[in-house]
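Please consult the sequence and the model below alongside the text.

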Amino acid sequence: MIGLTNAVVRFGNRCVLDQLSFSAERGRSLAILGPNGRGKTTALRAMLGFQALAAGTRTAPAVVGYVPQYASSNQSYKVLDAVVMGRAAGLGLFGQPSARDIAAARDALEQVGALRFAKERFDRLSGGERQLVLLARALATGSKVLVLDEPGSALDLNNQARLLRLLSALRAPRDRAIVFTTHDPNHALAAADDALLMLPDGPALFGPVAETIVPELLERLYGVPMRLVNLIGEDGTGQNAVLPAFAGRRAA
Amino acid sequence: MSDRIRSGNRWLLGAGLALAFAGAAAAEEIVITDHENREIHLDAPASRIVTIPMPLASGVIALSGGTDRLVGLNPLSLTAIREGILGKIFPDAVNISDAVTGTDFVPNVEALAAVNPDLVVQWAGRGPEIVDPIVNAGLNALLIKYGTEELTRQYMTMVATAIGKPERIAELVDWSDVVQHDIEAKVASIPQDERPNVLYLGRSLSDITAAGDTGSYSSWYIALTGGRNAAAELDGTSSINREQIAQWDPEVILLNSFEPNLDVNWVYDDPILSLTKAAQQHRVYKMPLGGYRWDPPSQESPLTWMWLAELLHPELFDYDLRAEMTKAYKTLYNYQLTEADIDGIIWTAQQGDSLGYDQFAAQ
Amino acid sequence: MSTQIDDGGAIAPRWRPWSRTGFAFASFGVALMVAILVSLCVGRYSVSAMTALHILGEAIVHPGQAIESMDQRIVLLVRAPRVVIAAMAGAALATAGVALQGVFRNPLVSPEVLGISQGAAFGGALAITMGIWGVPLLGIVFIGGFSALIAVGMLARINGQTEILTVILSGMVVGSLFSACVSLLQFIADPNSSLPAIVYWLMGSFATATWDRVLVSAPGLLLGIALLWALRFRLNVLSLDDSEARSLGARPDQERWLVFVLVALIVGCQVAVSGIVGWVGLVIPHAARLIVGHDHRRLLPATALLGATFMVGVDTLARTLTAAEIPLGVLTAIIGAPAFALLLRRHFKDREAT
């Protein structure tokens, strides 16, 4: 549904993306991982069409539900008004949202569990709440593609957990494609089917989470020794997690 | 002369004493005290004069009886000369340099030096920026104040003294005094409520301006000729609107002579102004434009007073304006006015059918 | 205007969340009506309020009747067109201010930032220097404003994209250039005729309002207001970061220009008939935001109503306080600057509170 094929992006002489190919299909969720400065955000922007390609092609629907890492700082709109903007694509230049659009916005807020602050001012919400509202706005677009830029990076652990549960829940019906960038491979384990590893020393790797989120590749990705551990969750089922071996021998 | 000294005027007195002193001590030297109390020393009568204030150009021409002593003038003086009769009387006048100053009175020192003047007349009281360049160039600056009849007589005297023709200004002042006193005497008996409300509009076409009583020369000669300034409540010169004019409802409207595209139809065609008493009674007049514009003070001002006195109180006055003009132009410019010249100056073609204008008609 | 901002719950009646905004709009409407009526009833010429209202009523009931007495002419030919132009100009300038502040995401932006006002001023000064008035003057003012806009557009377009920062910098450059050209025209203008005209015109005034001028300026002003109003929801979207706006289906760098063109239209029409009037586009949107919030669907009409009221009120003061006309620009600045300072302080205190 959305992706890049042999995409090349250059900033001056520097080649930021070199022959990058990946895609997220309907019903699948893709996590993009990579160290700082390796081009995660550029790949995302290129995929969304915000960044011109020097070569290659972009596949994307006309409207993509996009959740920026930070919202425009000046948004003093009421939350519901902000979410209704998700309907803009279908309204055209001079269109005004109808009762149906407002209902869709309310549904989206409900879906992310943020309906209770529908009448608050967006810029008075906490970071986690804002992220939920932006997600609701992306859902309100009605697009079957959802793109999130580092959705967990500004959130505390509790909010990260909520967000990941939400992403899993959104994936569950298997009727949309979800793409997100992240620093934390555990987010990929929790909410993604596929992963794109933007390796610092070679071409990017694209494949199912089970084949890509493995200690050897992650060590290449971050340059830090990694360990895969299996945790028993509260409900008794096993759950994988990866840990950086910052503490060296002791953790090993 | 005695009258001037009696008026206790220290400027004139100063100039007079200076003259007397000059006559006693060094026959050649001329000393003038100007309006900023500066002494100007001239070894000989000034023969190359630059005038930066607008009305002075025609003043110098009138005092010296020709254009040969005027070597530089304000571009706006040149405009008045071209538009008015002076350009016809003195065709050479249009060739005098107007590069010596901008219309903002900032002198162009290079152009000033090029005409090599021995006297530069400049405004007093408008800051050193327009004076210093003249003085720093080593030139004689004569600074004058402007606005009242008294000041006008003072600076005209200074200029006459500078060019060594005091008899010219004496003649002029005598004439002014005679006319002024004659009008004052006749007007004195008019009760206040029989003095018409007169509105002089300094500008009309962009915005409309009028002036209150203080510092306004037009207000002074309106009072002199037996009128009341309709805009007396204004403080200085201000922009006003038609509604205000309707409220004042003047009995006479005087239009300025500065705006070339302005004539009395501007009033008659206006939905509001055409309902004023002045318009209803056809008492709207544009100020004449002769050797200089008749609105500000100049050597021709007595003609302005006679013209206006005849218009405001025709029953009191019987000046023969055409004869007075002919006589004055002969004296001032040594020029014999034709009937057509006079009609051109007082706009007979444009406002000949205004109330009272028949008395100015050619016989 | 959007009509359902309430939470539509079963208990809450629909009108309740709207009552505050509804009350605000009702007050704005009443204030504007009062301002217009008062303005028609007062002036330097004494017409009693009752007579004025009677004349007005007669004119509305029997349009096309001959206007003969001075009272009638003062009310219908002097005050009425002046009030109409002032109201339209106030509404249009304030609306243009809101729209620009929206697309620039900066509440301190005004048409001067784009160089439009300076371009329009240059056009007007040029026309006056050449002795041109009326509709041709409007045309030249308009061309001046648009040339400034196009110059800014060409300067700001780098690699096929226009960033907001480059637009603001280009606007500064172009604005300064046109300001210098206006100064040059003033320098060479005839101090007897065109210079006072230019100076007076640059100060701004509705004193020269006539029904002819209403007809000249109304189409552009009303079209500008109407199209910006039609864009009110889009303005919400355009007020987001470019990437967000783009992800929501907008094309910010093109649609911004539509807004700019409409602003140029408004400024051109207003400047042509009443000279440069500052502050309205800055102060009024701020005040409106405090009352109805930031959503352009409510902000735009609120701003238009407030702007019209403000302008009519200020112009009434300008022509009635003294026998002399007080320059409009002086009054809007004297009222606008402190009001703006106050609003700004409230705005930032408001921010800190969150």
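The model is predicted: local features need pLDDT of at least 70, side-chain atom pairs count only at pLDDT 80 or more, and totals for chains, interfaces and linings use all residues. Residues are numbered from 1 along each chain as its sequence is written, chains are lettered from A and ligands numbered from 1 in the order in which they are written, and side-chain values use heavy atoms, with hydrogens and water left out.

**Chain pairs**

- Two pairs of chains are in contact, and chains A and C share the most contacts; contact means heavy atoms within 4.5 Å.
- Chain A and chain B are joined by no contact, and their closest C-alpha atoms lie 41 Å apart.

**Interface of chain C and chain A**

- Chain C contributes 34 residues to this contact and chain A contributes 37 residues.
- The two chains bury about 3,100 Å² between them, with 56% of it on carbon and sulfur atoms; buried area is the accessible area (1.4 Å probe) that two parts lose on being put together, summed over both.
- Phe233(C), Glu244(C) and Leu248(C) supply 20% of the area that chain C buries against chain A, more than any other three residues.
- Three salt bridges are counted between chain C and chain A, a salt bridge being a side-chain nitrogen of Lys or Arg within 4 Å of a carboxyl oxygen of Asp or Glu.
- Arg297(C) forms a salt bridge with Asp81(A), and their closest N and O atoms are 3.2 Å apart.
- Nine residue pairs are in polar contact between chain C and chain A, both residues at pLDDT 80 or more. A polar contact is a pair of N or O atoms within 3.5 Å; within protein, one must be able to donate a hydrogen and the other to accept it, and residues adjacent in sequence count only if both atoms are side-chain atoms.
- Elements giving two or more residues to the side of chain C that touches chain A are α8 (211-230), α9 (232-238), α10 (242-247), α11 (252-274), α13 (296-320) and α14 (328-352) of chain C. Helices (H or I, at least four residues) and strands (E, at least two) are DSSP runs, numbered from the N terminus.
- The largest share of that side, six residues, comes from α9(C).
- By class, the side of chain C that touches chain A has 11 nonpolar, nine polar and 14 charged residues. Ala, Val, Leu, Ile, Met, Phe, Trp, Tyr, Cys and Pro count as nonpolar, Asp, Glu, Lys and Arg as charged, and the others, Gly among them, as polar.

**Interface of chain C and chain B**

- This contact takes 27 residues from chain C and 25 residues from chain B.
- About 2,300 Å² is buried between chain C and chain B, and carbon and sulfur atoms give 60% of that area.
- Arg44(C), Met70(C) and Asn192(C) supply 26% of the area that chain C buries against chain B, more than any other three residues.
- Three salt bridges are found across the interface of chain C and chain B; Glu243(B) forms a salt bridge with Arg79(C), with the closest N and O atoms 2.5 Å apart.
- Nine residue pairs are in polar contact across the interface of chain C and chain B, both at pLDDT 80 or more.
- On the side of chain C that touches chain B, α3 (70-104) and α7 (194-203) of chain C each supply at least two residues, and α3(C) gives the most, with seven residues.
- The residues of that side divide into 14 nonpolar, five polar and eight charged.

**Helix pair in chain C**

- The axes of α1 (residues 19-41) and α12 (residues 280-292) of chain C come within 10 Å and cross at roughly 145 degrees. Axes are lines fitted to C-alpha atoms, for helices over the stretch in contact, and angles run from 0 to 180 degrees between N-to-C directions.
- Arg20(C), Thr21(C), Ala24(C), Phe25(C) and Phe28(C) of α1(C) meet Leu290(C), Ile291(C) and Val292(C) of α12(C).

**Sheets**

- Chain A has an open sheet of six strands in the order β5-β6-β7-β3-β8-β9, with mixed pairing; two strands pair if DSSP finds at least two bridges between them.
- β5 (65-67) and β9 (205-208) of chain A stand at the edges with a single partner strand each, so one side of each is left without a neighbour in the sheet.
- Strands β6 (residues 145-148) and β7 (residues 177-182) of chain A run parallel and are joined by four bridges, and Val145(A) stands opposite Ala177(A) in β7(A).
- Chain B has an open sheet of four strands in the order β4-β3-β5-β6, with parallel pairing; its edge strands, β4 (70-73) and β6 (141-144) of chain B, each pair on one side only.
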